[in-house]
Amino acid sequence: MAKSTEPNNPEIPSQLARSPLYELSLELKGRMVPFSGWEMAVQYAGISSEHQAVRQQAGMFDISHMGKFCLRGKQLIEKFQPLVPSDLSRLQPGQAQYTVLLNNKGCILDDIIFYCQEPDPTTGEERAVIIVNAATRITDKAWIVAHLELSGLSFTDISEDQVLIAIQGPEAANYLQPFVEDNLAPIKAFGHLETKLLGQPSFIARTGYTGEDGFEIMVDIETGKKVWQKFLDAGVVPCGLGARDTLRLEAAMALYGQDIDDNTTPLEAGLGWVVHLDTKGDFIGREVLEQQKATGVSKRLVGLEMQGRHIARHGYPVIFEGETVGEVTSGTLSPTLNRAVALAVVPAKLGKIGQRLEVEIRGKNYQATVVKKPFYRSNNRMPIV
C-alpha cells in the first residue's frame, strides 16, 4: 500500500475515489477516511477485534483501490526482466514474485507482485498479472510503458473493472473453498490460479499483507459484491485499513511511501532477497546495487522494540548518544504481542541486533532495542512455491 496523496496536487482529482464495495462498507458502519486518493474504511467494529479475527480465524479486506495490470505477448518475461532486480525467469506458470520497480538510482519506485500465468491456450502468448500500490498506479503505468519493450506485447490497466478482496487468517481457505470450483489445498504461498468463483471467472492468489495464510481474489464488480456478502453471511469479519496496518507491521512488511520510497534501495530496506545479481542480466539500477553489495549500505531499515508501552510513531527521531541518527517510519502497540514495536531507518553501523537506541516521544527519550524482523511469525503460513 502507499501513503495518502497530497490533496493539492493538480494531477490528482480533488474528489476521493470510491471502491465498488463502498456502499457495502457504509452498510456495515465502516468509518471512512482518505487514503491514497480513495475513501476507505479504517475500521468497522474496531481495530483490535479485527486484528485478532485475522490472527485467530479469518477477516476480509476490500483492497479494490490497488492497481491491477495485465500483460500478454511473446517473450513477456524476458522483456520485463530489465524493470526489476528479481530473476523472473525462475517463475513457472502459477507462481509469483514479490519484487520492486527501480529508478536509475537503484531506489524503489514501488513494490509490486508479478504473477506468471499459464500461456494463452489458443495463441501460446505469455500472460501476467501485476498488482501495484494505489497511489503509484498512474506513475507505475507510465514508467512501465516507457521502459518496457512493447513490441509484440499488450498492456492493459484493469484497475477500475475488477474488485480485489483479501481473505486472511488460518481459516481463510475453509471459508473460501465452498465458493470455488477448484481445490485450493495444493496452492502454496505465492501460488495462484484462474478458476470459477460463484460460477464466474476469477483470479485467486495465495498472497496477502497480514503475515497469515490467506488469499487475494480478483473478480468482476458484480461478482465481487456477491463474494463480500457471502463471506459476511458465513461469519468472516470485515476489516479496515487500521487492522491491515497493525497486521502488516507485526509481520514487518514495508509500507510504500512510509517505510520505503524512491530514495531507498532494496538493500537498504532489507529486501536483499528480491535482488538476484548472480542469476540475471542487466536491469535498471543494477550498477548502484552492485556497488552497495560490494561496499555495504550506509543506512538500514530495522525493527525496534520499545521498552514499556511507549509507542514510537512515524517521523519520531531515533537518538544515539544524544544525537539524532535516524527516524521511525512505522510504529504501533502490537495487539498480538502486547508490546510496542516499530520500523526505523538508522545508520547501518547502528542496525545490529541488540543495539540500544532511544526514540524521542513528545520531548522525552525512551529506550529501544534493535530486534530481529519480523516481530511476529505465524505458524499457519503456507510454504512458498
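I number residues from 1 along each chain as its sequence is written, and side-chain values use heavy atoms, with hydrogens and water left out. Because the model is predicted, local features need pLDDT of at least 70 and side-chain atom pairs count only at pLDDT 80 or more, while totals for chains, interfaces and linings use all residues.

Strand 4. I took strands as DSSP runs of E, at least two residues, numbered from the N terminus. Strand 4 covers residues 67-73, and five of its seven residues are buried, so the rest of the structure largely encloses it; buried means under 20% relative accessible area, with a 1.4 Å probe and protein chains only. I then looked up its partners, where pairing requires at least two DSSP bridges between two strands. Strand 7 (residues 126-132) runs antiparallel to strand 4 and is joined to it by seven bridges. Strand 8 (residues 153-157) is also antiparallel to strand 4, through five bridges. C70 has V129 as its bridge partner in strand 7 and T156 in strand 8.

Cysteines. I searched for disulfides, defined as pairs of cysteine sulfur atoms within 2.5 Å, and the count is zero. For C116, the nearest cysteine sulfur is that of C70, 13 Å away. C116 counts as buried at 8% relative accessibility, and C239 counts as buried at 3%.

Note on methods:
Buried means under 20% relative accessible area, exposed over 50%, partly exposed in between (1.4 Å probe, protein chains only). Helices (H or I, at least four residues) and strands (E, at least two) are DSSP runs, numbered from the N terminus.
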